[in-house]
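Reader: I am new to reading protein models, and I would like to go through this one slowly with you. Could we begin with the terms and then turn to the structure itself?

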Amino acid sequence: MPTHEHDEDQGREYDLRWADSAEHKEPSARARMLAARWKHNPPGPVPFRPEPGSPGPRRSSWVSTAVVLGCVAAVIVLIGYLNTRSPY
């Protein structure tokens, strides 16, 4: 006796193949919104890389490393604390 779930999966697969083979695909809502906005007010050129002299928010690598290690240590301490408080 065939299962109903198998029939649904097969139908869903057919629907996806049918949708993928469509000649025209409607753009997403975000794409339509940006197209409408840019029609009246086109965006200016954005450089791929910022100017060499432009100051940017940049943390040094040791600060990032310290933050990551601090978070890992806090998780280890929290797990150890929870393990000592939970009765077996």
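Author: A salt bridge is counted where a side-chain nitrogen of Lys or Arg lies within 4 Å of a carboxyl oxygen of Asp or Glu. Please keep in mind throughout that this is a predicted model.

Reader: Which side chain does Arg32 meet in a salt bridge?

Author: The rule asks for a nitrogen of Lys or Arg within 4 Å of a carboxyl oxygen, and for Arg32 the N to O distance is 2.9 Å. By this rule the protein has one salt bridge, and the partner of Arg32 in a salt bridge is Glu26.

Reader: Is Glu26 buried or exposed?

Author: A residue counts as exposed when its relative accessible area is over 50%. Arg32, at 39%, is therefore partly exposed, while Glu26 has a relative accessible area of 62%, and so Glu26 is exposed.

Reader: Which residues make the nonpolar surface patch of about 270 Å²?

Author: One member, Val72, is placed in helix H3, which covers residues 61–85. A patch residue needs over 30% relative accessible area, and Val72 is partly exposed at 43%. The residues that make the patch are Val68, Val72 and Ile76.

Reader: Which element has the lowest mean pLDDT?

Author: For the protein as a whole the mean pLDDT is 78, and 72% of the residues reach 70 or more. Where pLDDT is low, the predicted coordinates should not be read in detail. Among the elements, H3 has the highest mean, 91, and the lowest, 65, belongs to helix H1.

Note on methods
Residues numbered from 1 in each chain as written. Predicted model: local features only at pLDDT ≥ 70, side-chain atom pairs only at ≥ 80, totals over all residues. Heavy atoms only, no water. Patch = residues over 30% accessible without salt bridge, like charges linked within 9 Å, V, L, I, M, F, W, Y side chains within 5 Å. Areas by Shrake-Rupley, 256 points an atom, 1.4 Å probe, with all protein chains shown as cover. Helix = DSSP H or I, 4+ residues; strand = E, 2+ residues; numbered from the N terminus. Buried < 20%, exposed > 50% of the residue type's maximum accessible area, 1.4 Å probe, protein only. pLDDT = per-residue confidence, 0-100.
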